[in-house]
Amino acid sequence: MSATPRPVEDRLVYSREELLDSGPYAAPLIAGGVRCHGGFEADGRYRSPRTIHRAPAIEAWQARLRREGHDLVEIPAAGMPPTWPSVEQSVLLLEHGVRDPIVRTLTIISIVEGFGAIIRDVRIPDLRALVVEPIDGTALAHLGEGLFEAHARDESGFKDEGGHKQMWEAARDLALDRPKIPGDVLMRMMGRQAARKKAERPFPQLDATLERMLGVMAQVLVVEIFAEGTFDWGHRVLSNPKVSAAPEAAGAMVQHIRSDESPHVEYLRTALSEVRARTLRTVDGKTIAGRSVVDALLHRILFELTRHRPQEQRDDLRESLATAMQVAPDPKRLREEFDALDVAWTPPAKTGFEPALTP
Ligand SMILES: [Fe+2]
Ligand SMILES: [Fe+2]
C-alpha cells in the first residue's frame, strides 16, 4: 500500500471546533442499525471520528516536546495483565455452547466504554496559574478546548451518533447472534466499585482540582493502554469463524474501535509528559517538579491495576462460569480442559515509575 505520509503540521493552537471536527465521509459507519461515529473514505478505508485536526495536532505537540528535549511517557506493555478467559479458553467455551461468560465480558467492555464519557466532567483548574512554565501551544492547554470532549464523544456516542459503547454491542450481537444479555452485569460492576476504598490524596500540597485531574488522566491512560489487550482478545474471538456468526463484520467493528483509541492514548500521554517537563505550584507557595507528581501517580495506578485486575476479572465471572458450564454436554470435562488452558501470570516486580527511580 502506498499511503502518502501526512505532513506533520507545525501548528500548535487549535479551536475547539477543529478538534471536534470529523470532516466529510464518503460513507457512514452503521453498527447494529445504529449510525455510529467515524466513517469510510472513498477507497473504503475507515477514518476515526474527530481526527482531521486532532491527529495532526497531537503529532505537532509531541514533536514539540521532543524538539525541546523531553521524552514522551511510555507505559511498559509487560505490565499488562492477560485477559481472562484467554482467547483459547473463550473459543473452547463457545465451541461447547457456553456463551454466558463471553456475553458478560463483552457487555462489561461496552459498559466500561460508555463510562468513558465521565472524562468531560473532569474539572480543569487554572493551569496557567498552577504551572510555572508557559503552556501555550500544548495538549495541556487544549484539554478543555476539545480534547476531553472529543474523548467523551468517542466512547459513549454523541447526540444520535453511536460511539464505542454501541459499537461493542454491535460486534457482540453480530458475532453471537443477538445473545440474551444477563441482567446483573451492571449491578455486579457497581458492587465492586463501591467496595473499593477511597484513596487518600497523594499530593495534599497541590491544588485539589489539579491533583484530581492529573490522577484521572493517569488512570485513564493506563486503562486505555491495558484495554488494547482486551481489544486484541475481542478481535481474535469475534473474528474466529469457528465460533463467530459474523467473523468479518464483527472483527472489522473491533478494529475500527481500536483505531479510534489511538488518539486517546496519545493526547493523554502527551499532556502528562508536558506536565512532567514542567514545574507545578503548590498551595503553600512552593513548587514541585511535575515529573515527580506524574510518575508517582502512574506508579500507584500501575501497581494497583497489575495486582488487582487479574483477580477482579475472575471475580466478575467466577459464579456465572460454573453455572454457565452446565449447558455443556460434559461440564466436568470442559472445566478440566478450561483450567488446563489457564496461564499463570505474575505482575512485574517494578512498575518503572518507582519514586526512587525519578530524581
Ligand atoms: Fe473506547
Ligand atoms: Fe478510549
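Helix α9 crosses helix α11 in a right-handed sense (the near helix is turned clockwise from the far one by less than a right angle). This is a predicted model, where local features need pLDDT of at least 70, side-chain atom pairs count only at pLDDT 80 or more, and totals for chains, interfaces and linings use all residues. Residues are numbered from 1 along each chain as its sequence is written, while chains are lettered from A and ligands numbered from 1 in the order in which they are written.

**The α9 and α11 pair**

- Helices here are DSSP runs of H or I with at least four residues, and strands are E runs of at least two, numbered from the N terminus.
- α9 (residues 208-238) packs on α11 (residues 290-325) at about 45°, with the axes 9 Å apart; axes are lines fitted to C-alpha atoms, for helices over the stretch in contact, and angles run from 0 to 180 degrees between N-to-C directions.
- That angle makes α9 oblique to α11, a label for whatever is not under 35 degrees (roughly parallel), over 145 (roughly antiparallel) or 65 to 115 (roughly perpendicular).
- On α9, the contact residues include L214, A218 and F226, and on α11 they include V293, L297 and I301 (contact means C-beta atoms, placed from the backbone, within 7 Å).

**The sheet**

- Three strands make an open antiparallel sheet, ordered β1-β2-β3; strands pair if DSSP finds at least two bridges between them.
- β1 (27-31) and β3 (46-47) are the edge strands.
- Five bridges link β1 with β2 (residues 34-40), and I30 has R35 of β2 as its bridge partner.
- Helix α7 (residues 164-175) lies across β1 and β2, at about 100° to β2.

Notes. Contact = placed C-beta atoms within 7 Å.
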